[in-house]
Amino acid sequence: MIIYPLFSMFILLFSGYVAKRLRIISPNKAIVFLDFVLWFALPSLIFDKVYHLVVDLNLISMVFVGLISSIIAAFVAVAMGFMLKFSTATLASVALLSMFGNTLFIGIPIVQGLYGQNALSIVILFDQVVTALPISIFGPLILGFGTSKKSSIIQNSLKIIKFPPFVALALAVILKNFNLPEIIFEPLKMLSSSMVPVALFAVGLRLGFNSIKSSYKACSVVIFAKMILAPIIFLSITKIFGIELSKEWIIGLIEVATPPMVLASAMILKANLDSNLAISSVAIGMITIFVTMPILYFVAT
């Protein structure tokens with residue numbers, strides 16, 4: 001049942017939030033936890049799962065539909081922002097938050113709870129193609145529309161190449177042609193098993209609800225586009241083309257319906273755009289998922 005992984009997620013997020021409210025751990029310490037995830041746990045997970053992943057046409061099609069659904073939803077969100085006369089900074093923030101979801105930190109515990117460890121390879125593939133690479137390439141360009149600062153394509157490319165998860169992805173793809181001893185993957189599995197609890201605890205540390213009142217219109221647009229419209233588009237495409245909702249496609253639906261990405265929020269804060277929207281959309285998204293995800297899963301199955 002999907003309620004089990006969602007309950008586990010809630011406890012981890014709530015633990016981080018309680019630690020912040022009781023001043024056990026400062027919210028500023030969240031960066032230490034996230035650095036551990038980005039430099040050690042996540043690269044270990046990516047290398048292990050991508051190395052053992054077998055890609056077929058069905059999987060590629062699912063990922064492509066997920067990407068198209070997210071792009072269309074983001075365009076609709078920006079169009080709604082134009083009609084509501086949002087500022088340029090808010091429009092750029094809406095575009096980024098509506099297109100990119102927490103496909104790893106949220107997708108992994110849900111998929112693992114439903115389908116087990118072996119299904120995590122699909123989550124990794126979806127994340128890298130639909131989220132990680134696009135936000136690294138196009139994220140600064142999107143934010144450039146809302147700020148006077150110009151982004152360098154060369155600098156962005158260098159950042160991608162040196163980003164630990166991308167290095168792990170590239171190594172896994174290169175080494176797939178070689179038979180590596182299984183002893184290599186044991187410590188990687190131990191590191192990767194810590195990713196979800198550490199990441200969700202860190203996200204809980206950073207959760208805040210004080211900025212919702214000042215950005216409720218833009219936040220509503222983002223949540224609608226990212227967590228309701230995008231999965232509806234995904235399901236509509238499968239219906240139009242007569243695609244059976246197998247395990248791979250249900251995982252794709254779960255990934256598309258994840259709340260706005262924490263990294264996208266951090267990029268908006270760093271670019272000094274709509275910081276209230278960046279914070280509130282992540283917070284509201286974390287709550288909304290406990291309503292939208294069970295409904296979507298019920299419809300799909």
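Predicted model: local features only at pLDDT ≥ 70, side-chain atom pairs only at ≥ 80, totals over all residues.

Trainee: Why are H5 and H6 called roughly antiparallel?

Mentor: Angles over 145 degrees count as roughly antiparallel. The angle here is about 155 degrees, and H5 and H6 are therefore roughly antiparallel to each other. The crossing of H5 past H6 is right-handed.

Trainee: Which residues of H5 and H6 meet?

Mentor: From H5, Gly-107, Ile-108, Val-111 and Gln-112 meet Leu-120, Val-123 and Ile-124 of H6. By class, this contact has five nonpolar, two polar and no charged residues.

Trainee: What makes H11 and H14 roughly parallel?

Mentor: H11 and helix H14 (residues 275-300) pack at about 30 degrees, with axes 9 Å apart. Angles under 35 degrees count as roughly parallel, and H11 and H14 are therefore described in that way. Residues in the contact include Val-222 and Ile-223 of H11 and Ile-284 and Thr-288 of H14. By class, the contact of H11 with H14 has 13 nonpolar, five polar and no charged residues.

Trainee: How do you know that the span of helix H11 agrees with its number of residues?

Mentor: H11 (residues 216-240) has 25 residues, which at 1.5 Å a residue should span 36 Å. The end C-alpha atoms of H11 are 34 Å apart, which agrees.

Trainee: Where is the kink in H11 centred?

Mentor: The kink, of about 35 degrees, is centred on Ala-225. Just after H11, Gly-242 has a positive phi of about 65 degrees.

How values were computed:
Residues numbered from 1 in each chain as written. Heavy atoms only, no water. Helix = DSSP H or I, 4+ residues; strand = E, 2+ residues; numbered from the N terminus. Expected span 1.5 Å × (residues − 1). Bend = angle between axes of the 7 residues up to and from the residue. Axes fitted to C-alpha atoms, helices over the stretch in contact; angles between N-to-C directions. Parallel < 35°, antiparallel > 145°, perpendicular 65-115°, else oblique. Contact = heavy atoms within 4.5 Å. Nonpolar A, V, L, I, M, F, W, Y, C, P; charged D, E, K, R; others polar. Left-handed = near helix turned anticlockwise from the far one by under 90°.
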